[in-house]
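Reader: Hi! Could you walk me through the salt bridges in this one?
Author: Happy to, let's bring it up.

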Amino acid sequence: MAVPSFERFVEGSWKTACFDRCKPSTRRRMDSALRTQLLPMYGERRLDEINSSAIHTWFDLYSQTAPAGANRVLDILRQIFNYAIECGHLDSNPARGVRHNPRPRVTRFLSQEEVRRVYAALDAHRGRGSGQQQADIIRLLLLTGCRKGELVELRWKEVGDGVLRLADSKTGPRTVFLSRAAQALIARQRRTGGPYVFPSPKDGSRPRSSELSLWRKVQREAGIEDARLHDLRHTFASHAVMRRVSLPVLSQLLGHSRDRMAMRYAHVGDREAEEAAERIGTGIAALLGDIG
């Protein structure tokens with residue numbers, strides 16, 4: 001049996017057996033990884049021509065600019081090769097010996113002064129190309145505690161009166177309660193006729209890229225080079241704790257999965273969570289003055 005090219009394999013049997021069975025958000029991440037990284041690098045090569053050395057070279061290069069992103073794409077590549085082994089195309093996985101980039105172990109919270117500096121840096125980039133769109137996503141990450149993908153891929157049909165009703169978050173469908181400051185940011189987004197609140201500038205039928213390059217500028221200008229974009233979610237949580245929001249309510253606000261440790265959170269009512277979201281958003285917004 002002839003060994004197929006990487007592109008032929010992923011667009012054929014792997015797509016049918018693996019890709020098509022994933023939930024929509026996972027398929028979008030996989031599609032982005034294939035389109036931007038894996039197919040340009042390996043598409044024309046036969047599966048048995050891709051060796052560990054080639055993968056190490058690609059991974060080290062990508063890790064210089066996006067270490068966490070390189071980890072995620074490496075996981076997809078490993079899964080593709082594992083299925084290639086199941087199909088009899090390979091005897092071993094050439095990506096197996098490539099180690100993930102280390103992740104920060106300490107949760108980072110922004111202080112009140114750091115939050116102010118972040119907003120000052122965001123305001124300085126207002127209106128420059130896609131800067132306004134990126135700046136508003138970053139502001140919303142801080143005001144809502146949402147994950148980046150939940151906002152980048154947010155659809156207008158998921159925006160309700162003071163809430164976001166997300167159809168496909170990391171832990172499944174969930175409701176995000178919006179403070180007035182967060183509502184104002186969403187309300188000022190232009191409706192272009194497409195489905196997404198933050199559409200791609202090149203194709204309004206698609207969401208914008210998940211790459212928020214503005215954050216790197218904000219990090220430098222605000223003096224928080226050690227802070228990740230995901231730390232804005234941690235900062236939201238820290239403000240909730242400072243304002244005595246109960247752990248069950250905070251779990252609901254952050255969309256934590258209801259595993260064994262989180263079962264006690266199931267009884268929390270929407271009204272209590274809505275009021276908590278307003279208290280947190282008002283507290284953060286008070287540090288900032290008017291929304292840019």
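This is a predicted model: local features need pLDDT of at least 70, side-chain atom pairs count only at pLDDT 80 or more; totals for chains, interfaces and linings use all residues.

Reader: Where do glutamate 113 and arginine 116 lie, and how many residues apart are they?
Author: Both are in helix H6, which covers residues 112–124, and they sit 3 residues apart, about one turn of the helix.

Reader: Thanks! Which side chain does arginine 117 meet in a salt bridge?
Author: Arginine 117 meets glutamate 113, at 4.0 Å from N to O. These two also lie in helix H6, 4 residues apart, again about one turn of the helix.

Reader: And how exposed is arginine 117?
Author: Arginine 117 is partly exposed, with a relative accessible area of 30%. Glutamate 113 is partly exposed as well, at 41%, and so is arginine 116, at 36%.

Reader: Switching topic: what does aspartate 123 form a salt bridge with?
Author: With arginine 139; the closest N and O atoms are 2.5 Å apart. Aspartate 123 belongs to helix H6 and arginine 139 to helix H7 (residues 131–144), so the pair ties together parts 16 residues apart in sequence.

Reader: Is arginine 139 buried or exposed?
Author: Arginine 139 is buried, with a relative accessible area of 1%, whereas aspartate 123 is partly exposed at 30%.

Reader: Which residues do salt bridges that share partners join into one network?
Author: Asp123, Asp136, Arg139 and Arg188.

Reader: Nice. How many salt bridges are there in the whole structure?
Author: A search of the whole structure finds 16.

Technical notes:
Residues are numbered from 1 along each chain as its sequence is written. Side-chain values use heavy atoms; hydrogens and water are left out. Buried means under 20% relative accessible area, exposed over 50%, partly exposed in between (1.4 Å probe, protein chains only).
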